[in-house]
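Hi,

Here is the structure we talked about, with the sequence alongside. Have a look through it first, and then read on for what turned up.

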Amino acid sequence: MTTERLTTELDDILRAGDIIRRGGLVAFPTETVYGLGANALDAEAVSSVYAAKGRPSDNPMIVHIAEKSELDDLIRGGLESLTEDARRTMDAFWPGPLTIIFPKSDAVPDATTGGLDTVAVRMPSNRAAYMLIAASLRPIAAPSANVSGRPSPTTAEDVLEDMDGRIDAIIMGEQCDVGIESTVLDLTGEVPTILRPGIITKEELTEALGREVVYYKSLLEKPAETADPEDGVADTEFKPKSPGMKYRHYSPKAKVRLIEGSREEFVAKAKELGVEAIRNGLKPAVLDYREDEHAAAHDLFADLREFDRQGYDLILIRTLEESGLGFSVMNRMLKSAGYDIVK
Ligand code: TXA
Ligand code: MG
């Protein structure tokens, strides 16, 4: 199949909307990472997303909407059933990089939610994403547009690297503003729980809700080998154990190692490991975001992919402090390094 290159102009977005309505797959930019979209209410279309990504088909997807009113069909009990917590979070953070988990309605096929009785919903703020959903006249199910296990794509070129020839079309937008995936907040339990950390932090959510928001427990520990192959989040509780699944995700081909410490300590350790690598005939790269967590979020996935293109074998990355956005970026760094930290 030839993957059509589309622009963010209205004509092209309308064309992309047609493709979605006919059951096709379209990659599109969002403010977080590029998504690979299909009609969320069409089980067959959704299944072809799993095939294109090489992703296990029991993995739940995020449903993207353009208007709050679209929630009415997607959640159990419709808009009337929205809790105070849900209203507050939506008012504070939608449109934007926040995904909320709700009890699902019967309109959402099992293929979209991986058989769960909940549905993840997000209203993106990116203009092309918004226009595509509106043009489709359908909610759009979209995982990140990478081959399963690879770093999420933050540029159109990164999407094409993984998906060219496997999908119907791509909307070639700009590089994504945020660079890491949305915060996933579960509002179906007693306590609002963050299943995946993102740019909207625990502190911001706690403030907006006026009550405590917690991290899902596995976010605070090195996950077991049974974690979600995609990003290690949320599935451990619902899924049967699948032995042999490693917790290395967001992985470039190169080996990633994290180094903790001050700038000076990092430079010294990176030099030592770098020299050792060169002696072993390997090509090492060094990455220090100098405590700038926004730059790290924005560039991490793009940098990992760029190092792969340049044929590096070892990537040495300086850690960030694990608070606020730093916690969310460290979550991705740790996974891409398979939890290998040099102290
Ligand atoms: O920023 C993003 O969220 C991007 C853009 C494209 O919107 N999408 C994305 O999708 O990252 P994906 O499929 O790569 O990650 C979806 C995450 C996974 O951690 C999945 O387990 C979780 O959301 N998820 C989806 N539905 C869920 C549900 N019903 N219950 C719990 N977790 C769910
Ligand atoms: Mg993903």
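**Salt bridges**

The count comes to 22 salt bridges, a salt bridge being a side-chain nitrogen of Lys or Arg within 4 Å of a carboxyl oxygen of Asp or Glu. Before going further, a word on the basis: this is a predicted model, where local features need pLDDT of at least 70, side-chain atom pairs count only at pLDDT 80 or more, and totals for chains, interfaces and linings use all residues. Residues are numbered from 1 along each chain as its sequence is written, chains are lettered from A and ligands numbered from 1 in the order in which they are written, and side-chain values use heavy atoms, with hydrogens and water left out.

One of the salt bridges joins the side chains of E161 and R309, at 2.6 Å from N to O. This pair links distant parts of the chain, with E161 in helix α7 (residues 156-163) and R309 in helix α10 (residues 293-309), 148 residues apart. Helices (H or I, at least four residues) and strands (E, at least two) are DSSP runs, numbered from the N terminus. E161 is partly exposed at 36% relative accessibility, and R309 is partly exposed too, at 41%. (Buried means under 20% relative accessible area, exposed over 50%, and partly exposed in between, with a 1.4 Å probe and protein chains only.) Both residues belong to a network of salt bridges that also includes R150, D158, D162, R305, E306 and D308.

Another salt bridge is formed by D340 and R257, with the closest N and O atoms 2.8 Å apart. D340 sits in the loop between α11 (325-336) and β15, while R257 is in strand β12, 83 residues apart. D340 is buried, with a relative accessible area of 17%, whereas R257 is partly exposed at 23%.

**The two sheets**

Two strands pair if DSSP finds at least two bridges between them. Strands β12 (residues 255-259) and β14 (residues 314-318) run parallel over five bridges, and I259 stands opposite R318 in β14. Within α9, K269 and E272 lie three residues apart, about one turn of the helix, and their side chains meet in a salt bridge of 3.3 Å, N to O.

There is also an open sheet of eleven strands, in the order β1-β8-β2-β3-β7-β4-β6-β5-β9-β10-β11, with mixed pairing. Its edge strands, β1 (4-6) and β11 (214-215), have a single partner strand each, so one side of each is left without a neighbour in the sheet. β1 pairs with β8 (residues 169-171) in the parallel sense over three bridges, and the partner of E4 in β8 is A169. Helix α2 (residues 43-53) lies across β3 (35-39) and β7 (140-141), at about 155 degrees to β3.

**The interior**

The largest nonpolar core has 55 residues, and those with the most contacts inside it are L36, L71, W94, L98, F102, V121 and L205. (A nonpolar core is a set of buried Ala, Val, Leu, Ile, Met, Phe, Trp, Tyr and Cys residues joined through side-chain atoms within 4.5 Å.) Helix α2 gives the most to this core, with five residues. A second, separate core of 26 residues includes I180, L300, F307 and V329.

Which helix is largely enclosed by the rest of the structure? That is α6 (residues 127-136), because seven of its ten residues are buried. The buried residues of α6 pack against α1 (10-21), β2 (26-28), β4, β7 and β8. Just after α6, L137 takes a positive phi of about 60 degrees.

Finally, H64 in strand β4 (residues 62-64) is buried, with a relative accessible area of 3%.

Key:
Contact means heavy atoms within 4.5 Å. Axes are lines fitted to C-alpha atoms, for helices over the stretch in contact, and angles run from 0 to 180 degrees between N-to-C directions.
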